[in-house]
Amino acid sequence: MAFGVIVYPDLSPLEQIEDYFKLCERYGFTRAIASLLSVEGDNDEVIAYFTRFIASAHEHGLSVSLDVNTNCLKRFGRSYDDISLFHQMGVDILRLDGSYGAENDYVMVQNPYGIRIEMNASSHRVEPELAYFVERGVGPDRVCTCHNAYPQRYTGLKWSDFLSKSKMLRKYPYSVAAIVTSHAPDTISLWGCNDGLPTVERLRDLPIDLQARILLATGGVDDIVIGNAFASEAELAALSEVAQPPKSLEDSQIYKEILAYGPQRPVFGPTKRLRVIAEPDITPIERETLFELVPQLDNGDSSEWIWRSRSGRLINSDRPIPPRRTEGDMFPVGSVVVVNDEYPHYSGELQIVREPIVNDGKRNLVARLAPGEEMVLDLIEANDLVEFIPYRPY
């Protein structure tokens, strides 16, 4: 998993971009993307600018991807069979805004400089090219993919189309990046648009870390890129939190209990993170159950009413959870509850309400899903691990 940013040399002074690179380095970002298509000046000026730009990015631990097309390469007297100029500039990745065709793109992919070629993951033409590369033994060190971003509101990818493209791309060994949008004030992006710059339309107005967690939870995305600039430091910090490794299973007392059930180590899916708003009266034991115990997972047999993790009850013999009355006859969708001692066999079980359920006094309300988190919940599959993280505005 890697995180990156797009910057706009035609719209921002290099000094401002370099300050942004410093922030990106602080929060663990490893990639910068810019377009070679829109910077003005003669060829020598443009080459000198991007040589300095790339050197600065490298100083801050960022690889650089330049967006190019066939006309752009022609401008510099280059084509698919000679990209030496970009090697001289220090480019790490060339993103093809337009293709030369599979056979010629294959020649470019085989360049002697180790520059990766990035294909447009949103294009309906990408699959035949990826298949062509695989047939010829091209490895993931030579090719990667990145989805488009859509500055005009209501024009981003349809959710179902994004999921089907993701499933298709997973047939190939090449990494996939998708683009999220910052909500910082006065951001800049393509063509003077100011409605954000995401890949998927339905994610456009969601908090940036939620956009990223949804994309990653689909299983179809490896890398996340912020499309507009400049994201706030708080947004960079929120994405940095998403990138943190999951809690250690081996150090968990629950994991030791699971292993005691048999000699075979369980096979778990990836960790998916849900942001929740804790209730003011949550007890220390309930807080530990919610935020500290791992693994939390659904065994694949939950009903349509609740997602349930049995993990907490495995260690709950000496962890009392007395009933605590919550107002209302029903728990609404998005309620996060812990089974209390009125259900002694199940005490400690953590559950998320998918359909309203009766508040019969046997469950304590400990948190609520933050707005929009239902989209992540819908993407959690059997044996996926779940971590709950506290909500914080930014």
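**A pair in a helix, then the rest**

Author: F50 and F53 are about one helical turn apart, because they sit three residues from each other in helix 2 (residues 43-59). Helices here are DSSP runs of H or I with at least four residues, strands are E runs of at least two, and both are numbered from the N terminus.

Reader: Before we go on, what are the ground rules for this model?

Author: It's a predicted model, where local features need pLDDT of at least 70 and side-chain atom pairs count only at pLDDT 80 or more, while totals for chains, interfaces and linings use all residues. Residues are numbered from 1 along each chain as its sequence is written, and side-chain values use heavy atoms, with hydrogens and water left out.

Reader: Back to F50 and F53, how are the rings arranged?

Author: Their centres are 5.7 Å apart and the planes are at 65 degrees, so the pair is edge-to-face. Rings of Phe, Tyr and Trp (its six-membered ring) pair if their centres lie within 6.5 Å; planes under 30 degrees apart are stacked, over 60 edge-to-face, and the rest tilted.

Reader: Are F50 and F53 buried or exposed?

Author: Both F50 and F53 are buried, meaning under 20% relative accessible area; exposed is over 50%, and partly exposed is in between (1.4 Å probe, protein chains only).

Reader: Which residues do ring pairs link into a cluster with them?

Author: F21 and Y49 join F50 and F53 there. Over the whole structure, the search finds twelve aromatic pairs.

Reader: And the largest nonpolar core, how many residues?

Author: It has 107, and F29, F50, F53, L66, F86 and F388 have the most contacts inside it. Helix 8 (residues 208-217) gives the largest share, seven residues. A core here is a set of buried Ala, Val, Leu, Ile, Met, Phe, Trp, Tyr and Cys residues joined through side-chain atoms within 4.5 Å.

Reader: What does F388 touch?

Author: Leaving out residues up to four places away in sequence, F388 touches L274, V276, L290, F291, Q296, W307, L350 and I352. Contact means heavy atoms within 4.5 Å. There's also a second, separate core of nine residues, with L249, Y255, F268 and I315 among them.

Reader: New topic: where is E18, and is it buried or exposed?

Author: E18 lies in helix 1 (residues 14-26), and it counts as buried because its relative accessibility is 18%. Apart from neighbours within four places in sequence, E18 contacts R52, S56 and H60. E18 and E59 are 41 residues apart in sequence, with 9.9 Å between their C-alpha atoms.

Reader: Which peptide bonds are cis?

Author: A229 to F230 is cis, with omega near 5 degrees, and F230 is in the loop between strand 8 (223-226) and helix 9 (233-242). V294 to P295 is cis too, with omega near 0 degrees; P295 is in the loop between helix 11 (284-291) and strand 10 (296-297).

Reader: What about phi at D186 and N383?

Author: D186 has a positive phi of about 60 degrees although it's not a glycine. D186 is in the loop between strand 7 and helix 8, and it's exposed, with a relative accessible area of 75%. N383, also not a glycine, has a positive phi near 75 degrees. N383 is in the loop between helix 12 and strand 17 (385-390) and counts as partly exposed at 32% relative accessibility.
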